[in-house]
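Subject: A structure for you to explore

Hello,

Here is the structure I promised to pass on to you. Please open it and keep it in view while you read the notes below.

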Amino acid sequence: MSEVMQVANGPVMWGIALLTIAVVVVQAVLIYRLTKRRVEKEGTLTKEEIRMALKTGGATAIGPAISVFVLALSMISLLGAPATLMRIGIIGSASTEMTAANMGALLTGVTLGAEELTITAFGAAMLACAFMSCGYLILIPIISRGLGKPLQRIFTSGEDGKPTKLAIFFSTVFPAVFFLVLAATQIAQGLDYLAVMIVGAVVMFVLNKIASERKLEWLKAWSMGIAVLVAMACGPLFGMIL
């Protein structure tokens, strides 16, 4: 096991991991530049609205990032720090990565965390993770390259650019149904999940109301992130009580 971990934490793996993360960073910068250029050209959002959107997105990502970090700690002990950095930097879901890695290792007859890891099993685990991420790094940019104008014709009508009924459905009804189904699956796991969800909703509602009454724009941007953190902090307590 020590020999395998020496390879997993070696300079070659660190080089591959940093190169992969660099690709992700370049993609993020290019997408941001293209989006900003399009928004400024069409006047969809003001500079203040763009800054608010970035702040809101950053604050909202705090809660999920903490949960991913906790799961990544166990992944480091199984696959090493470079592989964990590389995989979490691409997908951001430690549980998804662990599932793919375990499926790859199982093909060689090794169960991650239960049996001694071999070089062959480690390579198979990394290959399975790589195949899983191909859709994110390769297929999506290629497929979505020429979809802008066709989608615009589908979701907007006439020269005024008003949204069609299909666009309204996908932007309002579909997300609402999706999150309701997701919430129902979580509530079905126990009363502690329901309590955590209620706490998060109440905290976010109160913070948004305070922000609206006192005109605190920064609080609006951080309300969801704060609500997620409070709910996560209350989770263990509700787990013991309920």
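In what order do the elements of the chain run from the N terminus on? They run α-α-α-α-α-α-α-α-β-β-α-α-α. That comes to 11 helices and 2 strands, where helices (H or I, at least four residues) and strands (E, at least two) are DSSP runs, numbered from the N terminus.

Before the details, a word on the ground rules. This is a predicted model, so local features need pLDDT of at least 70 and side-chain atom pairs count only at pLDDT 80 or more, while totals for chains, interfaces and linings use all residues. Residues are numbered from 1 along each chain as its sequence is written, and side-chain values use heavy atoms, leaving out hydrogens and water.

**The whole chain**

The C-alpha trace spans about 60 × 50 × 30 Å along its principal axes. Of the 242 residues in the chain, 25% are buried. Here buried means under 20% relative accessible area, exposed means over 50%, and partly exposed is in between (1.4 Å probe, protein chains only). The accessible surface comes to about 15,900 Å², and 72% of it belongs to carbon and sulfur atoms; these areas come from the Shrake-Rupley method with a 1.4 Å probe, and for residues only the protein chains shown count as cover. Contact means heavy atoms within 4.5 Å. Among contacts between residues at least 6 apart in sequence, 61% join residues at least 24 apart.

**The cores**

A nonpolar core is a set of buried Ala, Val, Leu, Ile, Met, Phe, Trp, Tyr and Cys residues joined through side-chain atoms within 4.5 Å. The largest one has 27 residues, and Leu79, Phe122 and Met126 have the most contacts inside it. Two or more residues of this core come from each of helix 1 (2-8), helix 2 (11-42), helix 4 (62-79), helix 5, helix 6 and helix 7 (119-143).

Which residues meet in a salt bridge? The side chains of Glu97 and Arg87 do, at 2.8 Å from N to O. A salt bridge is a side-chain nitrogen of Lys or Arg within 4 Å of a carboxyl oxygen of Asp or Glu, and by this rule the count comes to 1. Glu97 lies in helix 6 (residues 94-106) and Arg87 in helix 5 (residues 81-90), so the pair ties together parts that are 10 residues apart in sequence. Both Glu97 and Arg87 are buried.

Thr84 is found in helix 5 too, and it is buried because its relative accessible area is 3%. Not counting residues up to four places away in sequence, Thr84 touches Ala72, Met75, Ile76 and Gly89.

Helix 6 has 13 residues and reaches 18 Å from its first C-alpha to its last, close to the 18 Å expected. The expected span of a helix is 1.5 Å times one less than its number of residues. Its buried residues are Ala94, Glu97, Met98, Ala100, Ala101, Gly104 and Ala105. Seen down the axis of helix 6, they fall within an arc of 165 degrees, so they line one face of the helix; the arc is that of the directions from the helix axis to the C-beta atoms.

**Helix 10 and what follows**

The 24 residues of helix 10 (residues 191-214) should span 34 Å, and the end C-alpha atoms are 35 Å apart, which agrees. Buried in helix 10 are Ala195, Val199, Gly200, Val203, Leu207 and Ala211, and these residues pack against helix 11 (217-241).

Most residues other than glycine have a negative phi. Lys215 sits in the loop between helix 10 and helix 11, and it counts as exposed because its relative accessible area is 71%.

Enjoy looking around!

Best wishes
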